[in-house]
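This report is for a reader who has not seen this structure before. Please look over the sequence and the model before reading on.

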Amino acid sequence: MFHRFQSSRKGSAIVEFAVGSGLLILAFSGTFEFGYAFYIYDNLQTAVNNGAKYASLRTYDSNSSTPSACFTTAVQDMVVYGDPTGTNTTPVAPGLAPGNVNVAVTFSNGVPSQMTVSLSSYTLRAVFANIVLSNKPQVTYPFLGDYAPGTTCTQ
Amino acid sequence: MRRMVRVVHSQYAVAGPICKKEPIMPDGRSRIPVRRSERGFVLAIMALSAVAIIGCLGLAVDLGHMYIAKNEAQAYADAAALAGALKLDGSGAGVTNAKNAATGLNAGWNFMSNSFSGTVVEVATSASGPWTDAGSPPSPATNYTYLRVTASAPLSMYFMPVIGAFAGGSSLTSSTVKAVAVAAQLPQTTFNVGAFPFAPIAFDGATGGGNVSAPWGFVVGQQYTMRYAANGGSECAGDGADSNHIKIGSARGFWGDNSAAVVAGQVAGDLQEESLTTGQALPGVGGAKTTIAGDIVSRIDQDGDTTDDTYAAYLANPAHNGRRVITMPIQSEVDGTVLGFGTFFLLDDASYGHGGNSNWCAIYIGQANVADSSNPGAGGTPGPYQVKLVQ
């Protein structure tokens with residue numbers, strides 16, 4: 001099997017090995033890096049989509065475009081833990097915290113019309129690089145829930 | 001060079017993967033004579049395995065990219081279908097508004113860096129179609145309550161073209177990822193929040209014509225009594241058709257809670273103390289609070305249009321926001337059960353300023369959306385509807 005490591009070809013094999021393994025390591029680490037980063041981003045996209053969908057269906061209890069603290073917390077917990085009550089405390093991605101989740105409410109003619117949920121300042125720690133995500137992923141849904149300023153939000 | 005590659009190739013193909021011993025050529029000769037041309041063996045193997053390695057990279061990068069684009073496109077398609085279906089109102093202009101709402105929704109793909117283009121918006125009267133392009137609205141557009149959005153993201157492939165070239169030159173330089181969502185206006189039969197705390201009486205009894213199915217004898221545009229006069233002496237125009245519609249005493253049409261604070265929340269803020277479903281007995285209470293008149297006025301004042309007296313004029317006013325559109329349970333004249341839910345339009349804010357003993361009226365409007373009640377429905381079952389994803 002190793003007959004080719006003979007006298008005059010020794011140098012050439014080392015060079016081939018150096019070039020080849022260099023390329024291999026580059027390709028494998030690239031595969032891992034991109035694969036992992038994309039996997040995490042896909043999870044984040046799903047989580048933000050779930051949060052935005054949840055916000056669009058939840059009863060809106062504030063009478064301005066600033067949501068109540070309880071509403072914001074419930075949506076943030078939905079994104080981060082997949083659970084609006086915050087009972088589950090395992091984030092969907094490493095290091096993701098409720099503070100990374102922005103909840104923006106659009107009012108038109110005095111009633112809520114859209115819910116936009118996005119991430120800000122989340123650092124995706126891929127193996128070889130840290131990628132800071134700001135305003136992405138971002139998902140907007142039309143508001144479909146009840147606008148009920150007379151109710152009190154319970155989480 | 002060419003000969004060498006061919007020899008190496010056949011050796012690899014026949015003996016490489018399975019043989020651990022000294023490989024023997026298919027014709028039985030030892031491979032020793034070939035050894036002279038082993039120069040570049042590693043290079044050739046590298047060339048072959050590079051295709052496989054780039055294939056792996058392609059799977060990780062290009063396929064990963066596609067999965068994310070699919071996820072982004074699906075989120076957009078879902079939201080756009082819902083935004084569009086909210087705007088359907090049974091008119092051609094409504095279909096155009098729906099298309100604009102769907103295509104104008106803020107969304108992006110490729111990590112939010114590209115916006116969606118070429119989105120196809122179609123409308124139909126049922127979930128199974130046939131689908132009509134919203135760019136040329138159907139006429140009449142009545143009953144078009146289903147809206148389908150097809151979002152597409154034309155992705156560039158970075159590593160897959162190598163595989164494409166190796167596998168016979170097929171073009172893998174780009175791939176279009178598509179996502180489809182269908183949303184519709186569907187009747188709502190259970191209310192946990194948002195039902196107005198009054199209950200007009202249906203015309204389902206012998207004296208009302210026995211209208212047991214929706215809209216229970218109500219006529220669009222007619223005024224009906226939501227709270228009856230204390231002395232039973234007056235009622236709203238529409239109820240005059242049924243002699244049994246005069247109610248006096250505690251049963252004046254109010255249901256829910258009768259503490260003044262809760263009543264204020266119920267009237268002005270969509271608070272609902274208990275869930276209400278079609279078929280259950282209406283939880284009626286006295287509830288003739290003197291504060292209710294002020295609560296109704298504050299409810300009407302939440303709207304941008306507090307003065308128009310007909311629903312058509314209200315819809316034509318761009319300042320309207322749907323707060324004067326309310327959903328009330330319809331109670332049976334026979335046994336007081338909830339027959340269903342009807343949508344009504346509150347009169348101008350001056351109409352409710354009188355005392356606790358008079359009757360109050362609201363205009364029956366047939367159909368309205370619960371979430372975005374600034375738009376009437378596109379047809380189908382009368383009453384309140386919700387916009388939901390059906391696919």
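The model is predicted. Chain B has 391 residues, of which 45% count as buried. Its secondary structure comprises seven helices and 12 strands. Among contacts in chain B between residues at least 6 apart in sequence, 67% link residues at least 24 apart.

The domain assignment divides chain B into domain 1, residues 43-187, and domain 2, residues 190-369. The centres of domain 1 of chain B and domain 2 of chain B, taken over C-alpha atoms, are 44 Å apart.

**Contacts between the chains**

On the chain B side, 45 residues are in contact with 38 residues of chain A. Helices α2 (41-87) and α5 (260-269) of chain B each provide at least two residues of the side that touches chain A. The largest share comes from α2(B), with 20 residues. By residue class, this side of chain B holds 28 nonpolar, 12 polar and five charged residues.

**A buried strand in chain A**

Strand β5 of chain A covers residues 138-142, and five of its five residues are buried, so the strand is largely enclosed by the rest of the structure. In a regular strand, side chains alternate between the two faces of the sheet. In β5(A), A:Gln138, A:Thr140 and A:Pro142 point one way, while A:Val139 and A:Tyr141 point the other way, and all are buried.

Which strand pairs with β5(A) over five bridges? The partner is strand β2 (residues 111-119) of chain A, and the pairing is antiparallel. Across this pair, A:Gln114 stands opposite A:Pro142 of β5(A).

**A four-stranded sheet in chain B**

Strands of a sheet pair through backbone hydrogen bonds, either parallel or antiparallel. Chain B contains an open sheet of four strands in the order β6-β10-β9-β8, with antiparallel pairing. Its edge strands are β6 (223-227) and β8 (325-331) of chain B, each of which pairs on one side only. From one strand to the next, the twist averages 55°.

Within this chain, strand β9 (residues 338-346) and strand β10 (residues 360-364) of chain B are joined in the antiparallel sense over three bridges. B:Leu346 has B:Ala362 in β10(B) as its bridge partner.

| Strand pair | Sense | Bridges |
|---|---|---|
| β2(A) and β5(A) | antiparallel | five bridges |
| β9(B) and β10(B) | antiparallel | three bridges |

Methods. Residues numbered from 1 in each chain as written. Chains lettered and ligands numbered in written order. Predicted model: local features only at pLDDT ≥ 70, side-chain atom pairs only at ≥ 80, totals over all residues. Buried ≥ 20, exposed ≤ 12 C-beta atoms within 10 Å, placed from the backbone. Contact = placed C-beta atoms within 7 Å. Domains from an automatic or database assignment. Nonpolar A, V, L, I, M, F, W, Y, C, P; charged D, E, K, R; others polar. Pairing = 2+ DSSP bridges. Axes fitted to C-alpha atoms, helices over the stretch in contact; angles between N-to-C directions.
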